[in-house]
Amino acid sequence: MRVLGIETSCDETAAAIVERNDMTGNGMILSNIILSQAKDHAPYGGVVPEIAARAHIEILDELIKKALEKANIAIRNIDAVAVTSGPGLIGGLIVGLMTAKAIAFATKKPFIAINHLEGHALTVRLTNQLPFPYLLLLISGGHTQMLMVQDLGKYKCLGTTLDDALGETFDKTARLLGLPYPGGPALEKAAASGNPDRIPLPRPLKGKKLDFSFSGLKTAVRKAAIELSPLKQQNIADISAAFQMAITDILVDKVRRSLPLFRDAFPDIENPALVIAGGVAANKAIRSHLEKVCKKDAFQFVAPPFELCTDNAAMIAWAGAEHHARGEQSKIDIAPRSRWPLDEKNSFKDSQGAKA
Ligand code: KG4
Ligand code: ZN
């Protein structure tokens, strides 16, 4: 089964073709084309929704053509069209959704509307053939959640952010320090030459429930930056290192306390796994610390390759393939949704009739 995937929920325009073997259930990426709009948004220090939507319109057709060419497949030979229909910026979602609907309608192929977060959540099943269930730490630009992935379409949230998402916190902190957009990778780079112990920073909600809160940490970074102002290169490096360390400590704490909950919920799973997904999962320091926690508790640590952590269309095509394999598809009149929690409904079918 070969599925065309389309992703336009934020500032990456992406199209991909993924093949799923119906016998083994394994997947393969035939093409994965991504065009980042980062340079269009960089002057503003964050994503400008109107600019994003216009940029998607201008390039999406071309990217789909390229994805088909690279995969060496004609559009009539794809088996389904999958597209991100939420959550995300509404203008971008409309562009992707209308394009996917038009292709599905013209080619008479099944149309599958995908929750962007589900794309991130299922990527490891494409890259690592990981069976259900598993524990998932989803850390992206717009979301921060600890989830139990019980089965396709069955997600139980253990904790979520009470204020900012983690990627957003990275981006805002980076901007405060004068680092370029997107902030996450820039801050990680700056932190590499910094001293994480020089500037004391708080760890909000560490040791308490499984929810996250980052606004207090952000404020503490602002205060430290003002005190050290004007910021020299070494100050920026030290604040970045201290910030990254504080985040890592918080994530380690949440993961350590979630592992036993997963074991209790699924006592028969012999080789339990923690998966990290979303753009922030590309952070090497976070990855290596979480890997150690898992090792200590006899959990597998599974993370997608770096390029599949951040937004892409292969994850959307794959999620579409998983649903298609179970005989599920969406109604062609489905509306985009700027908000769409992953654990809102326990079944894919229920969510497909929802209107924005
Ligand atoms: O998943 P993603 O590509 O988009 C959303 O769905 O939100 O995540 C983007 C986020 C941005 O906030 C970006 O700064 C962050 O992921 N990010 C990182 C790193 N690479 C990307 N954060 C920390 N360290 C990184 N290496
Ligand atoms: Zn994402």
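Modeller: Met98 belongs to helix α3, which covers residues 90-107; helices (H or I, at least four residues) and strands (E, at least two) are DSSP runs, numbered from the N terminus. Together with Ile90 and Ile94, Met98 forms a nonpolar surface patch with about 270 Å² of accessible area.

The model is predicted, so local features need pLDDT of at least 70 and side-chain atom pairs pLDDT 80 or more, while totals for chains, interfaces and linings use all residues. Residues are numbered from 1 along each chain as written, chains are lettered from A and ligands numbered from 1 in written order, and side-chain values use heavy atoms, without hydrogens and water.

The zinc ion (ligand 2) is held at 2.0 to 2.1 Å by His116 (NE2), His120 (NE2) and Asp311 (OD); donors are N, O and S atoms within 2.8 Å of the metal (3.2 Å for Na, K and Ca). His116, in helix α4 (residues 116-127), and Asp311, in the loop between β10 (300-302) and α10 (314-325), are 195 residues apart, and the pair links these distant parts of the chain. Both His116 and Asp311 are buried, that is, under 20% relative accessible area.

The structure also holds five aromatic pairs. One of them is stacked: Phe212 and Phe214, at 6.1 Å centre to centre, with 25 degrees between the planes. Rings pair if their centres lie within 6.5 Å; planes under 30 degrees apart are stacked, over 60 edge-to-face, and the rest tilted. Phe212 is buried at 0% relative accessible area, and Phe214 counts as buried at 0% too. Phe262 and Phe299 have ring centres 6.0 Å apart and planes at 70 degrees, so this pair is edge-to-face. Because Phe262 lies in helix α8 (residues 233-265) and Phe299 in the loop between α9 (284-296) and β10, the pair ties together parts 37 residues apart in sequence. Phe262 is buried at 0%, and Phe299 is buried at 5%. Ring pairs also draw Phe266 into a cluster with Phe262 and Phe299.

Charges meet rings as well. Lys254 lies over the face of Phe212, at 5.6 Å from the ring centre. The charged end of Arg125 sits over the ring of Phe132, 3.7 Å from its centre; for this, NZ of Lys or CZ of Arg must be within 6 Å of the centre and within 35 degrees of the ring normal.

Note on methods: Buried means under 20% relative accessible area, exposed over 50%, partly exposed in between (1.4 Å probe, protein chains only). Patches are made of residues with over 30% relative accessible area and no salt bridge: like charges are joined within 9 Å, nonpolar side chains (Val, Leu, Ile, Met, Phe, Trp, Tyr) within 5 Å. Accessible areas come from the Shrake-Rupley method with a 1.4 Å probe; for residues, only the protein chains shown count as cover. A salt bridge is a side-chain nitrogen of Lys or Arg within 4 Å of a carboxyl oxygen of Asp or Glu.
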